[in-house]
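Me: Please take me through the assignments for this model and the criteria on which each one rests.

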Amino acid sequence: MPDPIIESETSNASTRPESGSMLLFALGAIVVAAGLGLLAAHAPARVRLLGLFSLGFGLLTGWLVAGLAARLHLRIGRVQLVIIALVTLVGLITSVCRTVMLQPVNPKAEAHPVAEMVEAQLRTPGQIDLPAPQAPLLAGPTLQATPRPFADRLQTYLSRRVEMLGRWSAPWPELFWVLELVLGTTGAVWVASRCQAGEAQT
């Protein structure tokens, strides 16, 4: 008759590596998704195609995280798929937010004619005569771009992304973004489950 104490110790020893692998898997998945999100923010605008870029991001994230699970000898079940979906969502949101933060606060302010005159005057030793009506604008605060709230900058970025499909007013740009998030997350879960099915067949 098997000793119940030995059986309990054996089961505890077998669950410890599983729990440790789960923790490493979750941390590794977060690092992978966040890293890809930060890298994707530096991708050229012509690459960030509406819908396709999010789908590619999700497929790549799911493939890399599934490879991480294979290295940890961890089977991809429902819990792992939920983790993959969540980290992919975080990575996609990180990518968009970082892209918005990298863009100029007020691009139009950089082309201000008076600001260009001031910069030219600072670069050249001579003096440049400014038109009289624009002279009061040389007071420093008026030449500086006023920082816009992040929510407004995000809305402007999302509106520019859907301009290829026409002019869409709120809340359509935000809804398109939600669809992109769902598409990327679904792609990550799909490719991870396919990798698991392929390993099971081999």
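Reply: Helices (H or I, at least four residues) and strands (E, at least two) are DSSP runs, numbered from the N terminus. On that basis the elements of the chain run α-α-α-α-α-α-α-α from the N terminus on, which comes to eight helices and zero strands. The model is predicted: local features need pLDDT of at least 70, side-chain atom pairs count only at pLDDT 80 or more, and totals for chains, interfaces and linings use all residues. Residues are numbered from 1 along each chain as its sequence is written, and side-chain values use heavy atoms, with hydrogens and water left out.

Me: What makes Glu180 and Arg161 count as buried?

Reply: Buried means under 20% relative accessible area, exposed over 50%, and partly exposed in between (1.4 Å probe, protein chains only). Glu180 has 5% relative accessibility and therefore counts as buried. Arg161, at 11%, is therefore buried as well. Of the 202 residues of the chain, 28% count as buried.

Me: Which backbone oxygen does the side chain of Arg161 reach, and which residues does Arg161 touch?

Reply: The side chain of Arg161 reaches the backbone oxygen of Leu49 at 3.3 Å. Contact means heavy atoms within 4.5 Å; not counting residues up to four places away in sequence, Arg161 touches Arg48, Leu49, Leu50, Gly51 and Glu180.

Me: How do you know that Leu175 is partly exposed, and to which patch does Leu175 belong?

Reply: Leu175 lies in helix α8. Its relative accessibility is 40%, so Leu175 counts as partly exposed. Patches are made of residues with over 30% relative accessible area and no salt bridge, like charges being joined within 9 Å and nonpolar side chains (Val, Leu, Ile, Met, Phe, Trp, Tyr) within 5 Å. Leu175 forms a nonpolar surface patch with Met164, Leu165, Trp168 and Trp172, with about 520 Å² of accessible area together. Accessible areas come from the Shrake-Rupley method with a 1.4 Å probe; for residues, only the protein chains shown count as cover.

Technical notes. A polar contact is a pair of N or O atoms within 3.5 Å; within protein, one must be able to donate a hydrogen and the other to accept it, and residues adjacent in sequence count only if both atoms are side-chain atoms. A salt bridge is a side-chain nitrogen of Lys or Arg within 4 Å of a carboxyl oxygen of Asp or Glu.
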